[in-house]
Amino acid sequence: MEKLEIRDHPIFKGVYVSHHEQGMKLYTKNLIPGKAIYGEKLVPYKDFELREWDPFRSKLAAMILERPKHNYLENKNSCLYLGAASGTTISHLSDIIIKGIIYGVEVSERSIRQLIQNVADRPNIIPILGNANFPLNYAKVIFSEIDLIYQDVAQPNQAEIAIKNSDYYLKEGGIGILAIKSQSIDSVVRSREVYEKEKEKLQEAGYKILETVNIHKHAANHVIVVYKK
Ligand SMILES: C[S@@+](CC[C@H](N)C(=O)[O-])C[C@H]1O[C@@H](n2cnc3c(N)ncnc32)[C@H](O)[C@@H]1O
């Protein structure tokens with residue numbers, strides 16, 4: 001059996017790495033030891049437990065593997081997560097942002113039921129059944145300023161949703177991490193056009209694009225755009 005040499009990630013605090021022939025693997029420290037969320041491997045490490053973080057299931061993990069310029073998660077205590085689904089990525093974020101709070105908005109009733117089951121014992125996640133197109137509808141539940149918005153809703157109006165939520169919730173200087181899916185599967189040129197258009201919309205709304213991370217290796221037709229208010 002391959003022996004795991006696990007270390008702290010050099011940039012992303014709270015993330016752990018091991019090197020393999022196939023590349024780097026990522027882990028987070030399991031906030032609820034013994035419990036896996038989506039069938040991920042649990043690995044004992046020092047006096048705690050890690051959860052393997054699958055970049056094919058989580059675009060945030062895919063982004064980290066592409067070595068972004070900065071740790072955009074650092075000092076982010078209050079997060080708004082749009083498109084929480086059944087909890088794969090938000091649970092890893094909850095392992096990382098242990099002192100903060102993450103509001104997870106999800107529009108599908110089926111997914112929110114699974115999300116609630118999966119993360120009920122995680123005190124730093126607040127699941128919200130809501131439509132990210134209408135940010136005011138969940139304003140009553142969100143009682144703190146937001147440092148970070150993570151969005152992965154796979155909708156055609158993704159930039160528009162990001163702008164609405166960022167205008168309303170994101171604090172000045174706050175960071176947005178937006179997974180952009182191009183609707184085009186077969187044309188590289190067409191995909192690029194979609195990404196550029198979505199970025200232009202953010203810029204026109206006053207947001208500064210900090211970085212674009214191509215995550216095609218793990219998530220077809222996706223890039224991650226990081227912006228600042
Ligand atoms: C690609 S999946 C998200 C996967 C998830 N981010 C993860 O990595 O664990 C997209 C999710 O966004 C949700 N969604 C789509 N449109 C939405 C909207 N307008 N408001 C909130 N959630 C939405 C879908 O129901 C789906 O669960």
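Me: Which residues lie nearest the centre of the second largest pocket, and how many residues line it?

Reply: A pocket is an open set of points on a 1 Å grid over the protein atoms alone, where a 1.4 Å probe fits, with protein on both sides within 12 Å along at least five of seven lines; lining residues have an atom within 4 Å of a point. Here 17 residues line the second largest pocket, and M24, K25, P55, L65 and H218 lie nearest its centre. This is a predicted model, where local features need pLDDT of at least 70, side-chain atom pairs count only at pLDDT 80 or more, and totals for chains, interfaces and linings use all residues. Residues are numbered from 1 along each chain as its sequence is written, and side-chain values use heavy atoms, leaving out hydrogens and water.

Me: Which elements give two or more residues to that lining?

Reply: Helices (H or I, at least four residues) and strands (E, at least two) are DSSP runs, numbered from the N terminus. For the second largest pocket, the elements are β3 (23-29) and β5 (48-53). β3 gives the most, with four residues.

Me: How does the lining of the largest pocket divide by class?

Reply: Ala, Val, Leu, Ile, Met, Phe, Trp, Tyr, Cys and Pro count as nonpolar, Asp, Glu, Lys and Arg as charged, and the others, Gly among them, as polar. The lining of the largest pocket has ten nonpolar, six polar and seven charged residues.

Me: Let's turn to one residue. Is S166 buried or exposed?

Reply: Buried means under 20% relative accessible area and exposed over 50%, with partly exposed in between (1.4 Å probe, protein chains only). S166 counts as buried because its relative accessibility is 0%. Helix α4 (residues 158-169) contains S166.

Me: What does the side chain of S166 make a polar contact with?

Reply: A polar contact is a pair of N or O atoms within 3.5 Å; within protein, one must be able to donate a hydrogen and the other to accept it, and residues adjacent in sequence count only if both atoms are side-chain atoms. The S166 side chain makes such a contact with the side chain of Y227 (2.7 Å). The side chain of S166 also reaches the backbone oxygen of A162 at 2.6 Å.
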